[in-house]
Amino acid sequence: MMKYLSMKRVSSFTLLFWILLLSTSLLFTFNAQAARLAIVIDDVGYSVNEENKILQMPVAVSIAILPNSPHGRKMAEKAHQQGREILIHLPMVPLSKQPLEKNTLHPDMSREEIDRIILDAIQKVPHAVGMNNHMGSAMTSNLSGMEKVMQVLSHHHIYFLDSVTIGNTQVTKAAMGTSVSVIRRNIFLDNIQTEAETRHQLNRAIALARKQGSAIAIGHPHTTTIRALQQTLTTLPGDIELVTPSMLLSPVPTNKNGQQTAHQCIKPRAPESVPATQLDYLKMVGRALANNAIVNILNQHIQKLLGNASKQEALNSLGKTEVNQTTENKTAGKTKSQQKDDKTDAHKTKDACSNF
Ligand SMILES: [Zn+2]
């Protein structure tokens, strides 16, 4: 009887071993479909020292250049040589009284005037494939104003990234019926200018990318933003793929010449500890697969096979009890933090919008 039980246990271990191996490959397959994160740095063209640090970041980090800034053209040329994606950061009038850039778009401007300003911006920011709004709560919430912008853009094969500086933005509606592709900003990285806050917002962007498949974050060339980005981007989780905004538009984004303009940069995974024994390996894989539904179902079947008497012993051998506890803790923690993030997101969007 004991011999029979022992044989049954050994064969169950072998079965579990192969299941874990199979699930590991499945896990890597799922990981191939990484969550995509696009980061755009706005207001480029004024502070060369800070902006040069941005140009040292992974090439997928894109820049949005103010057309009438003193160093805009130079930064565009530099970024283009690196293969970095460039957007025109077009000034649009806000609801609040603020100092305005030259050629700031206003809803009352004629189509011809808007055409002239956009053409001028295209010439001043060479190689741009996209455009986003600098400020613009008054302009982007005005449908007829934005329709004029979209009509002009449809002749230039330039996509529009809505910075979403106001809740009732009309950008998407205005682009309907035109050939202009529109994407929307999800997270502002530096409404509060501290390293900790920007790191927090980056983590929110990562969580959102995992939840939705992709996310777009916008930051500015502040010292705190640059430091937080430098830290976070070197330790980006393995399942997060840094992409350009144009990669989120369509499967094969192209520029005016029909060439692929999208760039991607997959950060290396953090080094993992090497298992000393087969049992350590099983424990490690077990922990990695703690959230894998297939493994959990198969484990239940194995537990039935082993019977009540040997089940606890087998689980303890594999560190399964520990795995289960870790899973529950992780799941509970994740749910709470996601709920918190969702609430914060709605709250922050409101705050962000009211500032522009
Ligand atoms: Zn701006």
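Among contacts (heavy atoms within 4.5 Å) in the protein between residues at least 6 apart in sequence, 72% join residues at least 24 apart. The structure is a predicted model, in which local features need pLDDT of at least 70 and side-chain atom pairs count only at pLDDT 80 or more, while totals for chains, interfaces and linings use all residues. Residues are numbered from 1 along each chain as its sequence is written, and side-chain values use heavy atoms, with hydrogens and water left out. The protein holds 12 helices and 10 strands, taken as DSSP runs numbered from the N terminus (helices H or I, at least four residues; strands E, at least two). Of its 356 residues, 47% are buried, that is, under 20% relative accessible area with a 1.4 Å probe and protein chains only.

The zinc ion has D43 (OD), H89 (NE2) and H134 (ND1) as protein donors, at 2.1 to 2.2 Å; donors are N, O and S atoms within 2.8 Å of the metal (3.2 Å for Na, K and Ca). Their spacing in sequence is D-x45-H-x44-H. D43 belongs to strand β1 (residues 35-44) and H134 to strand β4 (residues 130-135), so this pair ties together parts 91 residues apart in sequence. H134 is buried, at 12% relative accessibility.

Helices α4 (residues 111-124) and α6 (residues 143-153) pack at about 50°, with axes 9 Å apart; the axes are lines fitted to C-alpha atoms over the stretch in contact, and angles run from 0 to 180 degrees between N-to-C directions. R111, I114, D115 and I118 of α4 meet G145, K148, V149, Q151, V152 and L153 of α6.

Note on methods
Buried means under 20% relative accessible area, exposed over 50%, partly exposed in between (1.4 Å probe, protein chains only).
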